[in-house]
Amino acid sequence: MSSKAEQASPTAIKTGITHQMTGNEAIARGAWEAGVKVAAAYPGTPSTEIMENMGRYPVGDVHAQWSTNEKVALDVAIGASFAGVRAISMMKHVGLNVASDALMSQSYIGVHGGLVMIVCDDPGIHSSQNEQDSRLFGRFAQVPVFEPSDAQEALDFTKAAFDISERFDTPVIVRSTTRISHTRSPVLVSERITPEDKPFNAEVSKNVMVPGHARVRHPIVIDRLERLAEELETSDLNRLEMGSSKLGIITSSMSYVYVKENLPEASVLKLGLSFPLPKKLIQDFCAKHDRVIVVEELEPVIENEIKTWGLKVEGKEFFPRTGELSPEQVRISFEQAGVLEPEADAMGPQFEPLIRPPVLCAGCPHAMSYTAIRSLDVRVAGDIGCYTLAVGDPLTAIDTTVAMGSSIANATGMYLAGSEEKPIVATIGDSTFIHSGIPPLIDAVYNQANITVILLDNHITAMTGGQENPGTGKTLRGEQTHQVNFEEMIRACGVEWIERVDSYDAGSMLHTMREAIAYRGVSVLIADRPCVLDPVKIKGPSMTVDAKDCNACQGCMNLGCPALIWSDEWYEGRHIVKIDPSACIGCSVCAQFCPTGAIQPTVNLGQTAAKAKPCGGGA
């Protein structure tokens with residue numbers, strides 16, 4: 001296993017021996033070993049750690065950057081490929097939707113330096129707004145899709161993807177999933193290769209996709225896929241493990257691991273690429289087995305293509321199209337298929353899971369913003385970020401959430417539809433605003449919408465773990481750079497009403513929000529407080545509850561702060577509130593909502609400061 005020193009300096013990792021790595025660490029290592037010189041990404045779980053690890057490799061080896069969104073990241077990598085160096089772009093599955101416009105054209109153009117996209121899907125929807133199978137995008141764009149099944153293959157397939165990219169003149173997708181990205185397994189590492197930089201290729205008919213050039217390039221795309229599929233017939237990227245002729249399993253990615261756990265002696269064809277498929281290899285495999293079952297997560301991508309060839313295979317009759325597969329689920333599916341005998345207690349004792357929905361952190365500035373929003377009886381178009389958690393109890397302050405950057409345009413659409421029974425508010429985070437919120441703000445002003453935008457500026461890309469963005473003024477490597485001035489940017493979009501308010505100042509927040517909503521036109525209120533966790537955890541003296549003054553009104557509990565809890569104690573017939581000192585950061589928002597002044601800052605040895613006025617100023 002890697003030491004702490006090795007983790008701090010990945011180039012210090014010794015070659016020729018195995019090291020424990022997550023799939024994301026292995027992908028970053030594979031890109032570095034392949035000689036990548038430019039890497040660009042936008043953070044998104046489960047892909048975020050790939051770029052964070054790329055940023056640990058020497059500046060002289062690779063330029064690693066956070067981009068404003070996934071399309072920009074891919075375009076940066078495309079530009080580097082045009083310039084003749086190997087480049088990589090990383091994103092989660094929904095980020096591929098954002099980048100797909102560039103991908104579709106680049107498929108026709110091809111590459112100069114190798115160009116690889118890492119796309120991390122999220123089966124089971126652990127941290128996403130939908131469940132998407134990005135293999136379908138590979139077929140859509142007509143580019144090959146690699147599918148590693150563990151961290152070693154994550155490294156090896158990333159390197160192989162660059163070789164395929166350059167030899168077949170094509171962008172390549174390497175598809176990971178949450179389980180591969182975040183699971184550790186042994187990885188054998190190698191030294192970095194340094195491919196020779198190529199001079200810029202000034203072939204306009206290849207690089208410029210006007211209709212006349214695109215018509216010529218389309219048949220070339222089809223031909224390269226046929227040539228690649230032919231090479232895959234004998235490629236060691238696929239693995240054939242022959243067993244009994246009665247049953248054959250065709251699988252890929254993490255599904256392979258679950259198949260081997262349940263059927264260790266089975267006859268298995270493990271595919272390294274889900275597109276294109278090696279037709280003759282699969283035909284021969286099917287011919288040698290009485291029954292063939294395809295095991296794959298999410299959509300029947302492999303299964304459906306095999307069926308179009310007239311081959312008899314089974315799959316989704318037994319395996320679900322939704323959710324993440326697991327060893328237990330694969331066993332159940334094999335039992336349903338009659339492959340395994342049912343085991344009544346195979347899954348062990350069953351327990352009812354404790355329902356513990358995610359909540360905003362203690363002291364999160366978004367809690368005050370949404371408390372104010374909720375109190376004003378408005379229609380709220382939400383967006384993607386930590387603040388989406390305000391949809392649940394007790395805040396319940398979001399009416400719609402579609403996709404990243406959708407909130408402002410959704411609010412504009414509500415207004416244009418004549419929906420003015422309530423004031424219309426869009427909420428959006430600072431990183432999301434930079435990602436895809438600026439064009440819809442311009443659109444709202446241009447089309448004279450009467451909406452209020454609440455820009456929740458917590459000074460970081462918080463939901464994915466505290467990554468830098470143009471609003472923080474720091475790069476991926478922590479270097480100082482230009483910091484976006486939101487007021488100037490918003491004013492340049494044509495907005496005339498702009499105010500910034502401290503998110504912890506309840507009185508100012510409520511007052512200013514009322515003014516913003518009363519304004520006729522597009523108004524923007526910037527709710528300003530840093531995230532309490534990233535890049536460092538903020539913690540001041542915690543608050544405490546004076547039991548004799550607490551009347552159990554629940555005013556503080558409506559903030560949804562996890563530091564506030566109902567205690568088991570009663571005081572003069574009242575069930576009182578308590579504050580967990582280990583969770584409380586001392587933001588004072590709860591004290592501002594306490595009508596009796598029972599909540600006060602804690603000082604040394606349990607003493608309390610002089611009573612603060614209820615609903616007073618911020619911390």
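A nonpolar core is a set of buried Ala, Val, Leu, Ile, Met, Phe, Trp, Tyr and Cys residues joined through side-chain atoms within 4.5 Å. Buried means under 20% relative accessible area, exposed over 50%, and partly exposed in between (1.4 Å probe, protein chains only).

**Basis.** I am reading a predicted model, where local features need pLDDT of at least 70, side-chain atom pairs count only at pLDDT 80 or more, and totals for chains, interfaces and linings use all residues. Residues are numbered from 1 along each chain as its sequence is written, and side-chain values use heavy atoms, without hydrogens and water.

**Cores.** I looked up the largest nonpolar core and found 78 residues. Which of them touch the most other members? They are Leu441, Ile451 and Ile490. Helix H19 (residues 506–518) gives the largest share, six residues. Helices here are DSSP runs (H or I, at least four residues), numbered from the N terminus. Another core lies apart from this one; its 42 residues include Ile50 and Val172.

**Ile490.** I then listed its contacts (heavy atoms within 4.5 Å). Leaving out residues up to four places away in sequence, Ile490 touches Phe433, Leu441, Leu455, Val495, Ile498, Val524 and Ile526.

**Cysteines.** How many disulfides are there? I count zero, taking a disulfide as a pair of cysteine sulfur atoms within 2.5 Å. For Cys553, the nearest cysteine sulfur belongs to Cys594, 6.2 Å away. Is Cys493 buried or exposed? Cys493 is buried, at 11% relative accessible area. Cys553 is partly exposed, at 42%.

Note on methods. Helix = DSSP H or I, 4+ residues; strand = E, 2+ residues; numbered from the N terminus.
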